Amino acid sequence: MQNKIFDAVNCVRSFGHGKKFMTAVDDITFDIKDGEIVSLVGGSGCGKSVLAKMMLGLYKPTSGTFLYRGKPITDHKAHWREVQSVFQDPFSCFNQFFTIRSQLKAAFGIYKEKPSDKEMEERVDRALLAVNVKPSEVEGKYPFELSGGQMQRMLLARIFVLRPQVLIADEPTSMVDACVRANILDYLMKLKHELSMTIVFITHDIGLAYYVSDRLFIMHKGKIVEQGPPEEVTTSPKSEHTVQLLEDIPDVNREWIKRA
Amino acid sequence: MSVIFEVENLSLHYLTRFGNKIHAVNDVSFTMEQGEILGIAGESGCGKSTLVNGLMGLFIPPLHPTSGDVRVGGESLMNRSPKDIRQNVLSRKVSMIPQGAFNALNPVRKVKDIAADVMAAHMKGMDRKHIYERLKERFDLFGMETDKVLNSYPIQLTAGERQRSVIGISTLLNPQMVIADEPTSALDVTTQKVVIKLIFELLEKKIFSTMIFITHELPLLRHVADNIAIMYAGQIVEKGTAEQVVFDPRHPYTKALMGAMLSADAEQKTRKPTAIEGAPPNLAKPISGCRFAERCPSVKPECKNREQVIRIVGERQVRCEYAE
């Protein structure tokens with residue numbers, strides 16, 4: 001029996017009061033097992049990112065239970081030693097006033113006891129090489145001096161530095177072009193194989209999710225409307241929202257929108 | 001069919017603080033006919049967005065033209081002041097749909113005021129009430145709640161509504177040419193489809209007829225564009241009809257780019273998307289020989305020394321002497 005990493009039962013998260021009241025995550029029940037890659041797929045505003053923040057312990061559920069390894073998330077720092085994330089916009093994740101290298105090194109601050117300076121330097125070097133960046137290329141550079149694709153790789157390098165057990169990847173490829181996207185997916189697969197990491201991959205592109213994941217969750221308006229292995233979900237979708245998501249991808253071989 | 005837009009050997013460079021020149025666009029030539037949709041694709045940093053500024057004739061330092069000419073309906077856009085370009089060319093002759101809709105809209109003004117300013121600037125003497133009426137007419141085409149959108153601040157709208165408003169504002173004065181710079185890359189697939197549908201509707205209603213559509217999503221271009229030009233390191237490396245480029249690419253770079261695409265098809269699961277190794281060349285240094293040679297899977301020893309020129313292969317333009 002595999003360990004359950006996340007276990008949510010009738011989980012609800014709502015925001016606001018009165019007129020502005022809205023439910024972002026609506027009565028969700030699911031579990032994510034150790035070593036799995038699970039994709040959350042859905043359009044804008046379907047509650048994907050709120051669910052991601054719950055996994056990071058940034059939001060508590062309004063009602064229902066949300067457990068990490070059988071316990072509710074209480075100590076953030078301890079939680080983040082094991083669960084880390086990659087976000088959509090790498091430029092807003094790094095401080096503009098410090099060099100990238102110093103920020104990668106600062107990531108060790110999450111540990112109770114920092115490793116020795118020499119070991120930290122070594123691990124940063126190794127992490128940079130893991131994402132195909134020569135350490136000399138980013139030596140003394142600030143975030144704004146690198147391109148979007150390079151910055152996204154720096155975020156992933158941070159994950160290689162920390163080696164968490166769980167990674168929440170919130171749309172890591174939506175800001176980069178197709179070439180870099182293929183690259184980043186490669187690194188994600190590498191993380192899974194080398195560090196046997198559990199990855200929660202959040203995206204709006206079902207094609208991408210299909211390629212990387214062991215299991216797909218299709219979300220719509222705060223609910224998980226369909227879940228299952230990617231082959232099953234994409235070849236015989238049961239929910240209309242899944243059909244919609246599949247149809248909206250501009251595929252080369254399929255009729256998409258007719259031009260008048 | 002008449003030629004409406006001509007670009008002739010256009011080269012552009014950025015002048016840095018230290019006096020270095022970065023040659024972002026190099027020797028780009030193409031012509032467009034009335035009613036044509038040209039797609040331009042390429043990876044980040046290949047000069048797509050720089051080319052857009054050049055095509056509008058809008059040279060704001062550090063961007064400078066090196067050589068070449070851009071003509072809209074026979075009228076040259078080169079060597080004109082930004083003020084002249086803004087008054088006489090933008091919005092009416094050439095209009096641009098920018099990339100990030102959120103950055104393009106003034107956050108402290110209502111959508112109707114942003115749009116009205118555009119009209120007021122170009123049509124002197126029109127009163128505000130009249131302008132609002134015309135705006136309402138135009139925005140009614142967009143399948144949104146017109147009153148709500150026009151009276152909202154940008155932050156109150158969804159990403160799709162914002163992008164549609166931006167398209168509406170860009171096409172208010174019925175421009176001859178529209179240049180769309182990644183209009184959908186910040187949107188999810190469902191919203192993307194809505195925006196593309198709107199563009200097609202505007203084309204059908206003859207609001208504008210000729211468009212350059214810039215994106216890095218080749219599968220999307222296949223559905224949107226008539227012709228596709230692929231850019232690499234500031235040059236066009238292949239140009240042909242959408243079918244030719246997508247289904248039968250000839251240039252090694254186009255082939256590699258198609259290899260990096262993903263799809264949800266069952267047959268595609270076995271095919272791994274392959275990234276192109278390495279990085280594009282540094283455009284600040286002079287480059288001799290083929291620009292793709294460093295990363296080309298079928299590179300020949302002489303490629304690094306021989307500058308490649310456009311030649312016709314299988315009824316399309318390819319910048320590679322070994323393409324068949």
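Before that, the conventions. This is a predicted model, in which local features need pLDDT of at least 70, side-chain atom pairs count only at pLDDT 80 or more, and totals for chains, interfaces and linings use all residues. Residues are numbered from 1 along each chain as its sequence is written, while chains are lettered from A and ligands numbered from 1 in the order in which they are written.

Chain B as a whole, then. Chain B has 11 helices and 12 strands; helices (H or I, at least four residues) and strands (E, at least two) are DSSP runs, numbered from the N terminus. The radius of gyration of chain B, taken over C-alpha atoms, is 21 Å, close to the 20 Å from the globule rule (2.2 Å times the number of residues to the power 0.38) for 324 residues, so chain B is as compact as a globular protein of that length. Along the principal axes, its C-alpha atoms fill a box of roughly 70 × 50 × 40 Å. Of the 324 residues, 46% count as buried, meaning that 20 or more other C-beta atoms, placed from the backbone, lie within 10 Å of the residue's own.

Now the sheet. In chain B, four strands form an open antiparallel sheet in the order E2-E1-E4-E5; strands pair if DSSP finds at least two bridges between them. E2 (21-33) and E5 (75-76) of chain B are the edge strands, each with a single partner, so one side of each is left without a neighbour in the sheet. E5(B) pairs with E4 (residues 63-72) of chain B over two bridges, in the antiparallel sense. Across that pairing, B:Arg71 stands opposite B:Ser76 in E5(B).

Next, the two chains together. Which residues meet? On chain B, 32 residues are in contact with 36 residues of chain A, contact being C-beta atoms, placed from the backbone, within 7 Å. Helices H8 (189-204) and H9 (218-224) of chain B are the elements giving two or more residues to chain B's side. H8(B) has the largest share, eight residues.

Last, the core. The largest nonpolar core has 158 residues, and A:Val200, B:Ile179 and B:Ile230 have the most contacts inside it. Such a core is a set of buried Ala, Val, Leu, Ile, Met, Phe, Trp, Tyr and Cys residues joined through C-beta atoms within 7 Å. Leaving aside neighbours within four places in sequence, A:Val200 is in contact with residues including A:Ile32, A:Met55 and A:Ile168.

Technical notes. Two residues are in contact if their C-beta atoms, placed from the backbone, lie within 7 Å. A residue is buried if 20 or more other C-beta atoms lie within 10 Å of its own, exposed if 12 or fewer, and partly exposed in between; C-beta atoms are placed from the backbone.
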